[in-house]
Amino acid sequence: MSPGGPPLGGVRILDLSRVLAGPYATMMLADLGAEVIKIEPPAGDDTRGWGPPFRAGESAYFLAVNRGKKSVVLNLKTEEGKAALTRLLEGADVLVENFRPGTLARLGFPPEEVMRRFSRLIWCSVSAYGQYGPLSKKPGYDAIMQGEAGWMGLTGPPEGPPTKIGASLADICAGMVASSGILAALFARERDGHARRVDVALFDSVVATLCYQAQGYLLTGEEPVRSGNAHPSLTPYESFEAADGQVIVGVGNDSLWKRFCRVVAPELDRPRFEKNPDRVRWRRELRALLDPIFRARSLDDWESTLGGAGIPVGRVRSVADILESAQLRARGMVVERTHPIVGKLRLVSNPIQFDGSSRAAALPPPTMGQHTRELLEDSG
């Protein structure tokens, strides 16, 4: 923790978002010191009921993305609820919402009018397709975006169907983009005094991650294809079956290839495979030669041999293996908080490190409406 205190100390965020992308963004900001007030409808955030797994009636899904927040229950369809939100806006720096475009305006909170009244308010909207465009009114969850924005078309073996990524990365990416946009808007406001409207779309966020795959198409007009665990532009840069599990190797340049050949198979150091474009061209032939070599030795052996030669190597691990690993403990990436219902609760921490330590908000995820009276009395 830096001597100056949390980076966002004194910043108040009203979080009207639900499910994952918006709540992930605001949790990241709470970890950085912001006071985050989670505004929930009378039925609560949808993810309070998403499960299993549950513990003591609390959803793992909700607990994963709502630490560091205070929960206030408001019915924005009533005059009382609207008046309460207006009072809370008076002390807010940021409002985050992920309603369909136009919803808050219909409830009596048009963004332009609200931002004119509260001139320092940064308004961040997170939605499926953004605030404008032909699809702007269309709803969408993470799985829809993985299909619509290209990930599924790139994921899975060449001979198999398009495959969803195992984690909800469309939401997580949009949450990271939203938190980055909010931080930039806060920084700009400190310089010029002007608030900004931040518009984040899950669709845009996923498309941006296509990166070199998208650029390849823009350069050549050739459609990228699914390649399983292989890399379209490098090889060997993929997983292999070892004697006791899957090993992943990353030969990212020709110098590493020379080293790889020296410790794995000197007979592969031949002109046909000397340069990476040639190895990619002859990928199938090279793979056929490497498969039996990798199957003959254990994961420990491969990690020792390749790692000892400075070649990036790893193994396919389970979530349990990762969360109980010495590396995660050393990095402080699992923290413990005391939840009012669950009791001792372990949580995955914020990956941002300040001065050699990981940062996670002190408050556990809130129970529904836990802070309603406290915060509405403060604002009244």
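## Burial and the model

A residue counts as buried when its relative accessible area is under 20%. That cut-off matters here for strand β7, described below. The model is predicted.

In total, 6 of the 6 residues of β7 are buried, so the strand is largely enclosed by the rest of the structure.

## The chain overall

The chain has 380 residues, and 46% of them count as buried. It holds 17 helices and 15 strands. The C-alpha trace spans about 80 × 50 × 40 Å along its principal axes.

Contacts can also be sorted by sequence separation. Among contacts in the chain with a separation of 6 or more, 68% come from residues 24 or more positions apart.

## The parallel sheet

Strands of a sheet pair through backbone hydrogen bonds, either parallel or antiparallel.

β7 (residues 122-127) has β6 (residues 94-97) as a parallel partner, over 4 bridges. L95 stands opposite W123 in β7. V94 has I122 of β7 as its bridge partner. β7 also pairs with β8, again in the parallel sense, over 5 bridges. There S127 stands opposite A201 in β8.

## Helices around the parallel sheet

The loop between α8 and β8 contains H194. Is H194 buried or exposed? At 51% relative accessibility it counts as exposed, since the exposed class begins over 50%. H194 and S17 are 177 residues apart along the chain, and their C-alpha atoms are separated by 24 Å.

## Helix α1 against helix α8

Two packed helices are described by the angle between their axes and the distance between the axes. For α1 and α8 (residues 169-192), the axes come within 7 Å and cross at roughly 50°. That makes α1 oblique to α8. The crossing is right-handed.

Which residues of α1 and α8 make the contact? From α1 come A21, Y24, A25, M28 and L29. From α8 come D171, I172, A174, G175, M176, A178, S179, I182 and L183. By class, the contact of α1 with α8 has 11 nonpolar, 2 polar and 1 charged residues.

## The antiparallel sheet

A second open sheet has 3 strands in the order β9-β10-β11, with antiparallel pairing. The edge strands are β9 (237-242) and β11 (313-315), and each pairs on one side only. Neighbouring strands of this sheet are turned by 25° against each other on average, direction ignored.

β9 and β10 (residues 245-250) pair in the antiparallel sense over 6 bridges. E241 stands opposite Q246 in β10. Helix α14 packs on this sheet and touches β9, β10 and β11. The direction of α14 makes about 160° with that of β11. Helix α13 (residues 283-295) lies across β9 and β10. α13 runs at about 40° to β9.

## Helix α11 against helix α14

α14 (residues 299-308) also meets helix α11 (residues 254-264). Their axes come within 9 Å and cross at roughly 130°. The two helices are therefore oblique to each other. α11 passes α14 in a right-handed crossing.

On the α11 side, the contact uses F260, V263 and V264. On the α14 side, it uses W302, T305 and L306. By class, this contact has 5 nonpolar, 1 polar and no charged residues.

Notes:
Residues are numbered from 1 along each chain as its sequence is written. This is a predicted model: local features need pLDDT of at least 70, side-chain atom pairs count only at pLDDT 80 or more; totals for chains, interfaces and linings use all residues. Side-chain values use heavy atoms; hydrogens and water are left out. Axes are lines fitted to C-alpha atoms, for helices over the stretch in contact, and angles run from 0 to 180 degrees between N-to-C directions. Angles under 35 degrees count as roughly parallel, over 145 as roughly antiparallel, 65 to 115 as roughly perpendicular and the rest as oblique. A crossing is left-handed if the near helix is turned anticlockwise from the far one by less than a right angle, and right-handed if clockwise. Contact means heavy atoms within 4.5 Å. Ala, Val, Leu, Ile, Met, Phe, Trp, Tyr, Cys and Pro count as nonpolar, Asp, Glu, Lys and Arg as charged, and the others, Gly among them, as polar. Two strands pair if DSSP finds at least two bridges between them. Buried means under 20% relative accessible area, exposed over 50%, partly exposed in between (1.4 Å probe, protein chains only).
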